[in-house]
Amino acid sequence: SQVNMLLWETFPRMPQIIFIVIVLANKFALAHPHTKLSIPALDSLSTSPILFSHLPALDTVLAKLVSFIDAASPPIPNAAIIKDALSSEVLPYLRARFSPENVYGRGRKASPQLLAKWAIGTPELADALPPTQLFPLVDLWRLALIDQSVGTWCAAQASDPISLLLGIALKPDPPRNYLLLTLRLIMNVFATPAFARMMMSSGVNGKRDEVTLLMVSSLLHPDAQVRTGAASLAFNIAAYVQRGRQEQIRARRGYVAPVGGADADWEIEVVSAVLQAIKDETQSEDIGEFI
C-alpha cells in the first residue's frame, strides 16, 4: 500500500489502467520462489495434530468428580441434576465411543442434547469447585474432543465450555494437574478444523491470545510433563499455520499473502517462545524433539 501511494504521488498523471495493473500484480503475485523448492526433509513432516487420546478409568474419574461435588461447601444447587447427566448420559457416551471393547461404538457421535446438558453444568462446577478439584471434568472434556461432533458443536456456541476451562488455567499459579490436563484439552481442539479455526482466530470470539499465553507460560514451567504438553501444543499451532499456508498456495496457485501487522507480531512471539524453550531445556530431550 505504501509503494502504491508513493507511485501515485510521484506520477499523478499515470493512466489509471497502469495503476490498476500494479495493484492487481500485488494481489495476484507469482508464486514465491520458496514454494518451488524441493525440501524432502520438510515436505515429509506431518502436519497432523498431536492428540492426547489416552483413555482413563472412566468410572474412577467420575467417582472422583462426584466426591468433590458432594463435598462442595456451600452445596451446589443443581448437584443432583449434574451428577445424573454425567452418570447416565456423559459416561455411557464416552464408554461407548472410546472403550476398546466397544469397537462398534466408535462411530457414535455426541448428540446436541447431551452436550447442552453437559455444557450447562460445567459453569456451575467451575464456579463451585476450586481448580484442584476440576481436573476430572477437564479430563472428560479432553477425551470427548477427539470426537469431531463435539468440537463442531463447541465451535457453534457463543460461550463454549472449553474456553471457560481454558480461562481458569490462565489464572495465577494454576495447580499442576489442572494445567497439564488443560494443555491436553487444547491439544485435542485441533482434532476439529472448525473449532481450531475459531480458537486460533484473533477476532471477537477467537481465543488465540489465550491459547498462546497458555503455551508460552507452560513452556517455562518447572514440571517436565507440563513442558512436554506445551511443546506438543506448540507443534499443533505451527502445523495449523502451515496447513493454512499450504491450502492458500494450492487455492491461489502459489500466491502467498503478505505477512504483516498483528499476525506477524503473533508469529514472532510464538517463535521467540519456542526458541527460548529450546535454549533453556536441559532436563528432557523429548521436549526438544516435540518442538
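**Close-up 1. Helices α4 and α5 are roughly antiparallel to each other.** In this predicted model, local features need pLDDT of at least 70 and side-chain atom pairs count only at pLDDT 80 or more, while totals for chains, interfaces and linings use all residues. Residues are numbered from 1 along each chain as its sequence is written, and side-chain values use heavy atoms, with hydrogens and water left out. Helices are DSSP runs (H or I, at least four residues), numbered from the N terminus. The axes of α4 and α5 cross at roughly 170° and come within 11 Å; axes are lines fitted to C-alpha atoms, for helices over the stretch in contact, with angles running from 0 to 180 degrees between N-to-C directions. Angles over 145 degrees count as roughly antiparallel, those under 35 as roughly parallel, 65 to 115 as roughly perpendicular and the rest as oblique. Contact (heavy atoms within 4.5 Å) is made by residues of α4 including L58, L62, L65 and I69, and by residues of α5 including I82, L86, L91 and L94.

**Close-up 2. D70 forms a salt bridge with K83.** A salt bridge is a side-chain nitrogen of Lys or Arg within 4 Å of a carboxyl oxygen of Asp or Glu, and for D70 and K83 the closest N and O atoms are 2.6 Å apart. The pair links distant parts of the chain, with D70 in helix α4 (residues 58-71) and K83 in helix α5 (residues 79-98), 13 residues apart. K83 counts as partly exposed at 23% relative accessibility, where buried means under 20% relative accessible area, exposed over 50% and partly exposed in between (1.4 Å probe, protein chains only). The search of the whole structure finds 6 salt bridges.

**Close-up 3. R97 forms a salt bridge with D147.** The closest N and O atoms of this pair are 3.7 Å apart.

**Close-up 4. D139 forms a salt bridge with R142 in helix α7.** Here the closest N and O atoms are 2.7 Å apart, and the two residues, 3 apart in the helix, are separated by about one helical turn. D139 counts as buried at 11% relative accessibility, as does R142 at 1%.

**Close-up 5. T122 is buried in helix α6 (residues 112-128).** With 0% relative accessibility, T122 counts as buried. Leaving aside its neighbours within four places in sequence, T122 is in contact with L137, W141, P161, L164 and L165.

**Close-up 6. The buried residues of α12 are R208, V211, T212, L214, M215, S218 and L219.** They cover an arc of only 160° around the axis, which puts them on the same side of α12; the arc is that of the directions from the helix axis to the C-beta atoms.

**Close-up 7. Two loops hold a cis peptide bond and a positive phi.** The peptide bond from S73 to P74 is cis, with omega near 0°, and P74 is placed in the loop between α4 and α5. D173, in the loop between α9 and α10 (176-189), has a positive phi of about 50° although it is not a glycine, and D173 counts as exposed at 73% relative accessibility.
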